[in-house]
Amino acid sequence: MRAYFGGGKTMKILKIALLQIAPCDTLQENMEKGIRYCRIAKENGADIALFPEMWSNGYRMADRSPEEWTSEAVSSDSDFVMTFGKLAEELEMAIGITLLEKHKMSPRNSLILFDRFGSQKFIYAKVHTCDFGEERYLVPGDEFYVTALDTACGEVKVGAMICYDREFPESARILMLKGAELILVPNACPMEINRLSQLRARAFENMTAVATCNYPETVPDCNGGSSVFDGVAYLPELSGSRDTCILQADGKEGIFIADLDLDQLRCYRESEVHGNAYRHPKKYGLLVDTTINNPFVRQDYRE
């Protein structure tokens, strides 16, 4: 644990590195570039390094046939993935590596989280695949995961969602209910005011930190803007609410590191009124009713 002393208070600061970097042309090149940037993140004190969405092939799906990009899928025990597991152990830094994952009949859009000892904590596959586009050929995930991640600051409860998952409040809500203090969000799309507002809302309503890593502006249909919202809207010494955004990257390629005050977040969660404090889950049955027939709402349910 790194101790920070100020005002008589000891703080646990978790350093989250967002690797806002552009992909290369091949899997091998992406692996080598990813290794370089993880090492730089560690040199800058990072406890966790997070990649943008589908780093293994740079989310290169547009204007390509499904047969072409699906052939680029790699397994969860491939050399590509295992390299980052070994690197996490070597650097003593958690790594969230993203990939087009080979899976049964069709690939998945996945995040694999390794802890600082190189142990795999979970494989999360994107639940809300973008079925209106190329991702309709992917297999969606079945579940949201939260794990106890051992860090230099002690144990942190970490969950994940990917890009379009952000647009469904249920994603972050389930992660909060499972105990998540930090939600990792690999991303590959323009981060504009509405999407940023969604991330801000997910952090605020769940009292959960949300860290999003996007591709830089040199990547088609992306613009950087990686961010971290710490979820702490109120502090005793402030008369009103505070800006929960503790990091907002520009569009350039680089590593952006946020300092998340875990003690502040945990104290806030113990006393504030959001999250699970005053919910009425027995009244929410409509949320899981797939028989609804509203003529003004699309019924594109996918179990």
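Reader: By the rule for salt bridges, to what number does the count come?
Author: A salt bridge is a side-chain nitrogen of Lys or Arg within 4 Å of a carboxyl oxygen of Asp or Glu. This is a predicted model, in which local features need pLDDT of at least 70 and side-chain atom pairs count only at pLDDT 80 or more, while totals for chains, interfaces and linings use all residues. Residues are numbered from 1 along each chain as its sequence is written, and side-chain values use heavy atoms, with hydrogens and water left out. By this rule, the count of salt bridges comes to 19.

Reader: Which residue meets Glu 90 in a salt bridge, and which parts does the pair tie together?
Author: Helices (DSSP runs of H or I, at least four residues) and strands (runs of E, at least two) are numbered from the N terminus. Glu 90 lies in helix 3 and its partner in helix 1, so the pair ties together parts that are 51 residues apart in sequence. At 2.7 Å, N to O, the side chain that meets Glu 90 is that of Arg 39.

Reader: Is Arg 39 buried, partly exposed or exposed?
Author: Buried means under 20% relative accessible area, exposed means over 50%, and partly exposed lies in between (1.4 Å probe, protein chains only). The relative accessibility of Arg 39 is 32%, so Arg 39 counts as partly exposed.

Reader: Why are the buried residues of helix 3 on the same side?
Author: The buried residues of helix 3 are Phe 80, Val 81, Phe 84, Gly 85, Leu 87, Ala 88 and Leu 91. The arc that they cover around the axis is only 160 degrees, which puts them on the same side of helix 3. The arc is that of the directions from the helix axis to the C-beta atoms. The value that places these residues on the same side is thus 160 degrees.

Reader: Which exposed residues does the other face of helix 3 carry, turned away from its buried side?
Author: The buried residues are covered by parts including helix 1 (27-43), strand 4 (94-101) and strand 5 (108-114). The face turned away from the buried side carries the exposed residues Asp 79, Lys 86 and Glu 90.

Reader: With which side chain does the side chain of Ser 110 make a polar contact?
Author: Ser 110 lies in strand 5 and counts as buried because its relative accessibility is 0%. A polar contact is a pair of N or O atoms within 3.5 Å; within protein, one must be able to donate a hydrogen and the other to accept it, and residues adjacent in sequence count only if both atoms are side-chain atoms. At 2.6 Å, the partner of the Ser 110 side chain is the side chain of Glu 101.

Reader: Which residues is Gly 34 in contact with, leaving aside its neighbours within four places in sequence?
Author: Gly 34 lies in helix 1 and is buried, with a relative accessible area of 0%. Contact means heavy atoms within 4.5 Å. With those neighbours left aside, the residues in contact with Gly 34 are Phe 51, Trp 55 and Phe 84.
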